[in-house]
Amino acid sequence: MVKPDFDSATTAIGTPNIAFIKYWGKRDDSGLNTPNNSSISMTLDETLSTKTSVLFSERLGKDTLYINGDEEPIEGGRISEKSAYLKRILDHMKRIAGVDHHALIVSENSFPSGAGIASSASGAATLVFALSEALNLEMARKEMSITARQISGSACRSLFGGIVKWRAGTEKDGSDSYAEQVFDSSYWPELIDIIAIVDSSKKRVSSSAGHAATVKTSVLYGARPAFAENGVSEIERAVAAKDLNRLSMAIMRDSNNMHATMLDTWPPIMYLSDASKDIIYKVHELNESEGKCIAGYTFDAGPNAHIITSEEHRDRVMETLSEIDGIRETIESHMGGGPRLLGEKDCLIDEAGIAPKNSNTRKE
Ligand code: 2P0
(Lines give C-alpha, C1' and ligand atoms only; values in the text may rest on other atoms or scores of the structure.)
Protein backbone atom coordinates (compact mmCIF):
# COMPACT_ATOMS: atom_id res chain seq x y z
CA MET A 1 0.00 0.00 0.00
CA VAL A 2 1.31 3.46 -0.91
CA LYS A 3 1.69 5.64 2.17
CA PRO A 4 -0.57 8.68 2.34
CA ASP A 5 0.85 12.02 1.33
CA PHE A 6 0.66 13.87 4.64
CA ASP A 7 0.28 17.63 4.70
CA SER A 8 -1.46 17.54 1.39
CA ALA A 9 -5.24 17.68 1.53
CA THR A 10 -7.62 15.47 -0.40
CA THR A 11 -10.89 16.99 -1.59
CA ALA A 12 -13.95 15.13 -2.82
CA ILE A 13 -17.48 15.96 -3.88
CA GLY A 14 -20.54 13.78 -3.35
CA THR A 15 -24.27 14.18 -3.64
CA PRO A 16 -27.52 13.20 -1.95
CA ASN A 17 -29.80 10.50 -3.23
CA ILE A 18 -33.56 10.39 -3.33
CA ALA A 19 -35.09 7.07 -2.38
CA PHE A 20 -37.85 5.77 -4.66
CA ILE A 21 -38.43 2.94 -2.18
CA LYS A 22 -37.58 4.13 1.29
CA TYR A 23 -35.45 2.90 4.16
CA TRP A 24 -37.45 3.30 7.34
CA GLY A 25 -36.79 1.03 10.29
CA LYS A 26 -33.69 -0.76 11.51
CA ARG A 27 -33.43 -4.45 12.33
CA ASP A 28 -31.89 -3.82 15.76
CA ASP A 29 -30.31 -1.15 17.90
CA SER A 30 -26.75 -2.31 17.23
CA GLY A 31 -25.93 1.04 15.66
CA LEU A 32 -24.95 -0.72 12.44
CA ASN A 33 -27.97 0.74 10.61
CA THR A 34 -28.99 -2.57 9.10
CA PRO A 35 -32.46 -2.00 7.65
CA ASN A 36 -35.63 -4.06 7.76
CA ASN A 37 -36.08 -3.69 4.01
CA SER A 38 -34.09 -3.08 0.86
CA SER A 39 -34.38 0.34 -0.75
CA ILE A 40 -33.65 1.88 -4.14
CA SER A 41 -32.72 5.43 -5.02
CA MET A 42 -31.52 7.86 -7.64
CA THR A 43 -28.23 9.59 -6.91
CA LEU A 44 -28.59 13.28 -7.69
CA ASP A 45 -26.23 15.38 -9.78
CA GLU A 46 -23.97 18.08 -8.35
CA THR A 47 -26.68 20.75 -8.24
CA LEU A 48 -26.82 19.84 -4.55
CA SER A 49 -23.55 18.57 -3.18
CA THR A 50 -21.18 18.14 -0.29
CA LYS A 51 -17.54 19.05 -0.66
CA THR A 52 -15.14 17.57 1.86
CA SER A 53 -11.44 18.18 2.34
CA VAL A 54 -9.35 15.95 4.56
CA LEU A 55 -5.85 16.62 5.81
CA PHE A 56 -3.73 14.34 7.99
CA SER A 57 -0.84 16.07 9.67
CA GLU A 58 1.48 15.59 12.61
CA ARG A 59 1.02 19.30 13.25
CA LEU A 60 -2.57 18.62 14.38
CA GLY A 61 -3.17 18.01 18.08
CA LYS A 62 -6.58 16.31 17.68
CA ASP A 63 -9.11 15.18 15.14
CA THR A 64 -11.33 18.09 14.14
CA LEU A 65 -14.43 18.33 11.99
CA TYR A 66 -15.98 21.47 10.56
CA ILE A 67 -19.39 21.34 8.89
CA ASN A 68 -20.54 24.45 7.05
CA GLY A 69 -17.98 26.58 8.88
CA ASP A 70 -18.82 25.43 12.40
CA GLU A 71 -16.76 23.04 14.45
CA GLU A 72 -18.71 19.86 15.19
CA PRO A 73 -17.36 18.15 18.32
CA ILE A 74 -16.30 14.56 17.61
CA GLU A 75 -14.56 13.87 20.90
CA GLY A 76 -15.53 14.36 24.53
CA GLY A 77 -18.86 14.22 26.31
CA ARG A 78 -21.41 16.25 24.35
CA ILE A 79 -21.28 14.73 20.91
CA SER A 80 -24.11 13.54 18.70
CA GLU A 81 -24.65 9.85 17.98
CA LYS A 82 -23.66 10.38 14.34
CA SER A 83 -20.46 12.18 15.33
CA ALA A 84 -19.55 9.33 17.67
CA TYR A 85 -19.89 6.88 14.77
CA LEU A 86 -17.97 9.15 12.52
CA LYS A 87 -15.09 9.25 15.00
CA ARG A 88 -15.15 5.48 15.32
CA ILE A 89 -15.00 5.16 11.55
CA LEU A 90 -12.16 7.66 11.31
CA ASP A 91 -10.23 5.74 13.98
CA HIS A 92 -10.96 2.44 12.25
CA MET A 93 -9.77 3.73 8.87
CA LYS A 94 -6.63 5.23 10.41
CA ARG A 95 -5.89 1.89 12.06
CA ILE A 96 -6.21 0.02 8.77
CA ALA A 97 -3.93 2.56 7.10
CA GLY A 98 -1.45 2.39 9.98
CA VAL A 99 -1.69 6.14 10.46
CA ASP A 100 -1.55 7.87 13.80
CA HIS A 101 -1.63 11.49 12.63
CA HIS A 102 -4.73 13.49 13.46
CA ALA A 103 -7.16 14.65 10.81
CA LEU A 104 -8.70 17.98 9.93
CA ILE A 105 -11.95 17.42 8.06
CA VAL A 106 -13.78 20.34 6.50
CA SER A 107 -17.14 19.73 4.89
CA GLU A 108 -19.55 22.11 3.20
CA ASN A 109 -23.03 21.46 1.88
CA SER A 110 -24.52 23.48 -0.92
CA PHE A 111 -28.01 22.99 0.50
CA PRO A 112 -29.97 23.52 3.72
CA SER A 113 -29.15 20.94 6.40
CA GLY A 114 -31.94 19.13 8.21
CA ALA A 115 -34.59 20.11 5.69
CA GLY A 116 -35.46 16.62 4.56
CA ILE A 117 -32.92 16.74 1.75
CA ALA A 118 -30.56 14.04 2.85
CA SER A 119 -27.50 16.09 3.82
CA SER A 120 -26.39 13.27 6.11
CA ALA A 121 -26.30 10.82 3.20
CA SER A 122 -24.30 13.16 1.05
CA GLY A 123 -22.02 14.14 3.92
CA ALA A 124 -21.25 10.65 5.18
CA ALA A 125 -20.72 9.17 1.70
CA THR A 126 -18.40 11.98 0.66
CA LEU A 127 -16.48 11.76 3.93
CA VAL A 128 -15.86 8.02 3.64
CA PHE A 129 -14.82 8.43 0.01
CA ALA A 130 -12.47 11.34 0.87
CA LEU A 131 -10.94 9.49 3.86
CA SER A 132 -10.37 6.36 1.85
CA GLU A 133 -8.60 8.38 -0.85
CA ALA A 134 -6.62 10.49 1.64
CA LEU A 135 -5.41 7.36 3.45
CA ASN A 136 -4.76 5.49 0.19
CA LEU A 137 -6.86 2.62 1.46
CA GLU A 138 -7.94 1.48 -2.01
CA MET A 139 -11.29 0.42 -0.59
CA ALA A 140 -13.82 -1.08 -2.99
CA ARG A 141 -17.05 0.93 -3.26
CA LYS A 142 -18.84 -1.95 -1.54
CA GLU A 143 -16.61 -1.52 1.52
CA MET A 144 -17.09 2.25 1.43
CA SER A 145 -20.84 1.65 1.26
CA ILE A 146 -20.78 -0.59 4.33
CA THR A 147 -18.67 1.97 6.19
CA ALA A 148 -20.86 4.96 5.25
CA ARG A 149 -23.99 3.00 6.21
CA GLN A 150 -22.78 2.93 9.78
CA ILE A 151 -22.68 6.73 9.97
CA SER A 152 -26.06 7.15 8.28
CA GLY A 153 -28.03 4.35 6.65
CA SER A 154 -29.06 6.13 3.46
CA ALA A 155 -25.44 7.25 2.91
CA CYS A 156 -24.53 3.77 1.70
CA ARG A 157 -26.48 4.50 -1.49
CA SER A 158 -24.65 7.78 -2.26
CA LEU A 159 -21.38 5.93 -2.90
CA PHE A 160 -22.68 5.04 -6.35
CA GLY A 161 -24.13 7.04 -9.23
CA GLY A 162 -27.30 6.35 -11.17
CA ILE A 163 -30.02 4.07 -9.80
CA VAL A 164 -28.76 2.34 -6.69
CA LYS A 165 -30.15 -0.54 -4.68
CA TRP A 166 -29.35 -1.15 -1.02
CA ARG A 167 -29.86 -4.80 -0.24
CA ALA A 168 -31.10 -5.19 3.31
CA GLY A 169 -29.00 -8.32 3.90
CA THR A 170 -29.47 -10.77 6.74
CA GLU A 171 -26.09 -11.00 8.51
CA LYS A 172 -26.07 -9.67 12.04
CA ASP A 173 -22.76 -7.87 11.51
CA GLY A 174 -24.13 -6.01 8.47
CA SER A 175 -21.51 -7.47 6.11
CA ASP A 176 -24.13 -8.18 3.42
CA SER A 177 -26.01 -4.91 3.84
CA TYR A 178 -24.59 -2.55 1.20
CA ALA A 179 -25.58 -0.69 -1.92
CA GLU A 180 -24.79 -1.40 -5.55
CA GLN A 181 -25.48 0.31 -8.83
CA VAL A 182 -28.38 -1.09 -10.84
CA PHE A 183 -28.33 1.41 -13.75
CA ASP A 184 -25.67 4.00 -14.43
CA SER A 185 -26.49 7.70 -14.65
CA SER A 186 -26.52 7.71 -18.45
CA TYR A 187 -29.22 5.03 -18.68
CA TRP A 188 -32.16 7.43 -18.37
CA PRO A 189 -30.72 10.95 -18.64
CA GLU A 190 -34.13 12.56 -19.13
CA LEU A 191 -35.25 11.65 -15.63
CA ILE A 192 -35.43 14.66 -13.30
CA ASP A 193 -36.04 15.26 -9.63
CA ILE A 194 -37.78 18.61 -9.10
CA ILE A 195 -37.35 19.43 -5.44
CA ALA A 196 -40.03 21.73 -4.08
CA ILE A 197 -38.76 23.39 -0.93
CA VAL A 198 -41.62 24.29 1.35
CA ASP A 199 -39.72 24.59 4.60
CA SER A 200 -35.98 24.81 5.22
CA SER A 201 -36.12 24.65 8.99
CA LYS A 202 -34.77 21.74 11.07
CA LYS A 203 -37.11 18.79 11.46
CA ARG A 204 -39.00 18.13 14.69
CA VAL A 205 -38.16 14.41 14.94
CA SER A 206 -34.76 13.23 13.75
CA SER A 207 -34.65 10.30 11.34
CA SER A 208 -32.81 8.16 13.86
CA ALA A 209 -35.45 8.70 16.55
CA GLY A 210 -38.22 8.23 13.97
CA HIS A 211 -36.91 4.89 12.69
CA ALA A 212 -36.88 3.47 16.21
CA ALA A 213 -40.26 4.83 17.27
CA THR A 214 -42.03 3.50 14.17
CA VAL A 215 -40.57 0.00 14.47
CA LYS A 216 -41.47 -0.09 18.14
CA THR A 217 -45.02 1.21 18.04
CA SER A 218 -46.61 1.15 14.58
CA VAL A 219 -49.04 -1.68 13.92
CA LEU A 220 -49.06 -0.91 10.19
CA TYR A 221 -45.26 -1.20 10.05
CA GLY A 222 -45.52 -5.00 10.12
CA ALA A 223 -46.67 -4.93 6.50
CA ARG A 224 -44.00 -2.53 5.32
CA PRO A 225 -40.88 -4.69 4.73
CA ALA A 226 -42.64 -7.04 2.29
CA PHE A 227 -44.36 -4.12 0.56
CA ALA A 228 -41.02 -2.34 0.14
CA GLU A 229 -39.22 -5.44 -1.19
CA ASN A 230 -41.89 -5.77 -3.90
CA GLY A 231 -41.54 -2.06 -4.56
CA VAL A 232 -37.80 -2.38 -5.19
CA SER A 233 -38.43 -5.04 -7.87
CA GLU A 234 -41.18 -2.92 -9.38
CA ILE A 235 -38.84 0.11 -9.60
CA GLU A 236 -36.14 -2.01 -11.25
CA ARG A 237 -38.64 -3.19 -13.88
CA ALA A 238 -40.00 0.33 -14.43
CA VAL A 239 -36.55 1.85 -14.87
CA ALA A 240 -35.42 -0.99 -17.15
CA ALA A 241 -38.43 -0.24 -19.38
CA LYS A 242 -38.09 3.56 -18.90
CA ASP A 243 -41.77 3.44 -17.99
CA LEU A 244 -42.51 6.74 -16.22
CA ASN A 245 -46.14 5.83 -15.50
CA ARG A 246 -45.14 2.67 -13.67
CA LEU A 247 -42.18 4.31 -11.96
CA SER A 248 -44.20 7.29 -10.70
CA MET A 249 -46.94 5.07 -9.33
CA ALA A 250 -44.53 2.86 -7.39
CA ILE A 251 -42.69 5.92 -6.01
CA MET A 252 -45.89 7.57 -4.76
CA ARG A 253 -47.27 4.37 -3.26
CA ASP A 254 -44.08 3.81 -1.31
CA SER A 255 -43.84 7.38 0.00
CA ASN A 256 -47.47 7.22 1.14
CA ASN A 257 -46.93 3.83 2.73
CA MET A 258 -43.90 5.02 4.70
CA HIS A 259 -45.66 8.20 5.86
CA ALA A 260 -48.67 6.11 6.91
CA THR A 261 -46.44 4.09 9.24
CA MET A 262 -45.03 7.35 10.59
CA LEU A 263 -48.51 8.65 11.35
CA ASP A 264 -49.33 5.29 12.93
CA THR A 265 -46.31 5.67 15.24
CA TRP A 266 -47.17 6.48 18.84
CA PRO A 267 -46.90 9.40 19.49
CA PRO A 268 -47.47 10.12 15.80
CA ILE A 269 -44.78 11.50 13.56
CA MET A 270 -45.95 13.87 10.85
CA TYR A 271 -43.35 15.18 8.46
CA LEU A 272 -45.78 16.41 5.81
CA SER A 273 -47.10 19.98 5.96
CA ASP A 274 -50.19 21.54 4.37
CA ALA A 275 -48.05 22.58 1.41
CA SER A 276 -46.82 18.97 1.05
CA LYS A 277 -50.42 17.77 0.95
CA ASP A 278 -51.33 20.40 -1.67
CA ILE A 279 -48.48 19.05 -3.79
CA ILE A 280 -49.82 15.49 -3.42
CA TYR A 281 -53.32 16.52 -4.53
CA LYS A 282 -52.03 18.62 -7.43
CA VAL A 283 -49.78 15.87 -8.76
CA HIS A 284 -52.72 13.46 -8.71
CA GLU A 285 -54.87 16.02 -10.56
CA LEU A 286 -52.12 16.49 -13.12
CA ASN A 287 -51.76 12.74 -13.65
CA GLU A 288 -55.52 12.29 -13.94
CA SER A 289 -55.75 15.02 -16.54
CA GLU A 290 -53.03 13.27 -18.55
CA GLY A 291 -54.68 9.85 -18.22
CA LYS A 292 -51.42 8.37 -16.90
CA CYS A 293 -48.75 9.21 -14.37
CA ILE A 294 -46.26 11.68 -15.78
CA ALA A 295 -44.92 12.66 -12.37
CA GLY A 296 -44.53 11.05 -8.95
CA TYR A 297 -44.01 12.76 -5.62
CA THR A 298 -41.95 11.38 -2.80
CA PHE A 299 -41.18 12.82 0.64
CA ASP A 300 -38.37 11.88 3.02
CA ALA A 301 -38.39 12.69 6.72
CA GLY A 302 -39.51 16.24 6.00
CA PRO A 303 -42.13 18.29 4.16
CA ASN A 304 -40.18 19.07 0.99
CA ALA A 305 -41.38 17.28 -2.12
CA HIS A 306 -39.28 15.49 -4.68
CA ILE A 307 -41.25 15.27 -7.91
CA ILE A 308 -39.83 12.66 -10.24
CA THR A 309 -40.64 13.28 -13.88
CA SER A 310 -38.90 13.43 -17.26
CA GLU A 311 -37.70 16.34 -19.40
CA GLU A 312 -40.68 15.88 -21.68
CA HIS A 313 -43.12 16.76 -18.88
CA ARG A 314 -40.98 19.23 -16.98
CA ASP A 315 -42.84 22.38 -18.04
CA ARG A 316 -46.26 20.88 -17.23
CA VAL A 317 -45.04 19.88 -13.78
CA MET A 318 -43.50 23.31 -13.12
CA GLU A 319 -46.76 24.96 -14.22
CA THR A 320 -48.66 22.77 -11.76
CA LEU A 321 -46.23 23.59 -8.95
CA SER A 322 -46.55 27.31 -9.66
CA GLU A 323 -50.23 27.07 -8.66
CA ILE A 324 -49.33 25.97 -5.13
CA ASP A 325 -48.89 28.48 -2.33
CA GLY A 326 -46.12 27.69 0.08
CA ILE A 327 -43.46 26.49 -2.34
CA ARG A 328 -40.49 28.72 -1.64
CA GLU A 329 -38.10 27.42 -4.20
CA THR A 330 -37.67 24.63 -6.71
CA ILE A 331 -34.37 22.91 -7.46
CA GLU A 332 -33.94 20.60 -10.45
CA SER A 333 -31.52 17.75 -10.46
CA HIS A 334 -30.75 14.98 -12.92
CA MET A 335 -29.07 11.70 -12.09
CA GLY A 336 -25.49 12.03 -10.92
CA GLY A 337 -22.45 9.80 -11.14
CA GLY A 338 -21.54 9.46 -7.45
CA PRO A 339 -18.56 10.82 -5.50
CA ARG A 340 -15.37 11.93 -7.20
CA LEU A 341 -12.12 13.67 -6.35
CA LEU A 342 -11.65 17.39 -6.89
CA GLY A 343 -8.48 19.34 -7.55
CA GLU A 344 -6.54 21.73 -5.36
CA LYS A 345 -8.52 24.82 -6.28
CA ASP A 346 -11.56 23.32 -4.55
CA CYS A 347 -9.68 22.55 -1.36
CA LEU A 348 -11.49 23.84 1.74
CA ILE A 349 -8.36 23.76 3.91
CA ASP A 350 -5.68 26.38 4.23
CA GLU A 351 -2.85 23.86 4.17
CA ALA A 352 -0.14 26.20 5.42
CA GLY A 353 -2.18 27.30 8.42
CA ILE A 354 -3.91 23.91 8.74
CA ALA A 355 -7.30 25.54 9.28
CA PRO A 356 -10.54 25.75 7.34
CA LYS A 357 -10.54 28.45 4.67
CA ASN A 358 -14.07 29.51 5.62
CA SER A 359 -14.76 29.19 9.28
CA ASN A 360 -17.53 30.89 11.25
CA THR A 361 -15.40 30.70 14.35
CA ARG A 362 -12.25 32.29 12.95
CA LYS A 363 -13.43 35.88 13.08
CA GLU A 364 -10.53 37.23 15.10
C1 2P0 B 1 -34.37 7.01 2.79
N2 2P0 B 1 -34.73 8.26 4.93
O3 2P0 B 1 -34.44 5.86 2.32
C4 2P0 B 1 -35.26 7.32 3.99
C5 2P0 B 1 -36.58 7.87 3.59
C6 2P0 B 1 -35.73 9.24 5.31
C7 2P0 B 1 -36.98 8.76 4.72
O8 2P0 B 1 -32.82 7.24 5.16
O9 2P0 B 1 -30.41 6.81 11.41
O10 2P0 B 1 -30.59 9.69 8.05
O11 2P0 B 1 -28.73 7.83 9.91
O12 2P0 B 1 -29.54 5.53 9.47
O13 2P0 B 1 -30.29 7.53 6.75
C14 2P0 B 1 -33.16 9.02 6.60
O15 2P0 B 1 -32.57 8.24 7.58
O16 2P0 B 1 -31.05 7.47 9.16
C17 2P0 B 1 -33.58 8.11 5.52
P18 2P0 B 1 -29.87 6.87 10.03
P19 2P0 B 1 -31.00 8.27 7.81
O20 2P0 B 1 -33.66 7.89 2.26
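A polar side-chain atom of Ser120 sits 3.4 Å from an oxygen atom of the ligand, a polar contact in the sense used here (a pair of N or O atoms within 3.5 Å; within protein, one must be able to donate a hydrogen and the other to accept it, and residues adjacent in sequence count only if both atoms are side-chain atoms). The model is predicted, with local features requiring pLDDT of at least 70 and side-chain atom pairs counted only at pLDDT 80 or more, while totals for chains, interfaces and linings use all residues. Residues are numbered from 1 along each chain as its sequence is written, and side-chain values use heavy atoms, with hydrogens and water left out.

For Ser208, a polar side-chain atom is 2.8 Å from an oxygen atom of the ligand. In the side chain of Lys26, an N or O atom lies 2.7 Å from a ligand oxygen atom. Altogether 18 residues surround the ligand, the closest being Tyr23, Lys26, Gly153, Ser154 and Arg157; a residue counts as near if one of its heavy atoms lies within 4 Å of the molecule or strand.

Now to the helices. Two packed helices are described by the angle between their axes and the distance between the axes. Helices (H or I, at least four residues) and strands (E, at least two) are DSSP runs, numbered from the N terminus. Axes are lines fitted to C-alpha atoms, for helices over the stretch in contact, and angles run from 0 to 180 degrees between N-to-C directions.

The axes of α1 (residues 81–97) and α2 (residues 119–134) come within 11 Å and cross at roughly 15 degrees. These two helices are therefore roughly parallel to each other (under 35 degrees; over 145 is roughly antiparallel, 65 to 115 roughly perpendicular, and the rest oblique). Contact, defined as heavy atoms within 4.5 Å, involves Lys82, Leu86, Leu90 and Met93 of α1 and Ser120, Leu127, Val128, Leu131 and Ser132 of α2. These residues comprise 6 nonpolar, 2 polar and 1 charged (Ala, Val, Leu, Ile, Met, Phe, Trp, Tyr, Cys and Pro count as nonpolar, Asp, Glu, Lys and Arg as charged, and the others, Gly among them, as polar).

Helix α2 also packs against α3 (residues 141–151), with axes that come within 9 Å and cross at roughly 130 degrees. That angle makes α2 oblique to α3, and their crossing is right-handed. Among the residues in contact are Leu127, Val128 and Phe129 of α2 and Met144, Ala148 and Ile151 of α3. By class, this contact has 8 nonpolar, 2 polar and 1 charged residues.

Further along, the axes of α7 and α8 (residues 314–322) come within 10 Å and cross at roughly 135 degrees, which makes α7 oblique to α8. Here Ile279, Lys282, Leu286, Ser289 and Glu290 in α7 meet Arg316, Val317, Thr320 and Leu321 in α8. The contact divides into 4 nonpolar, 2 polar and 3 charged residues.

Two loops deserve a look as well. Trp266 and Pro267 are joined by a cis peptide bond, with omega about -5 degrees, and Pro267 lies in the loop between α6 (244–263) and α7 (274–290).  Asn33, in the loop between β2 (17–21) and β3 (39–43), has phi near 55 degrees, a positive value in a residue other than glycine.

Key. Left-handed = near helix turned anticlockwise from the far one by under 90°.
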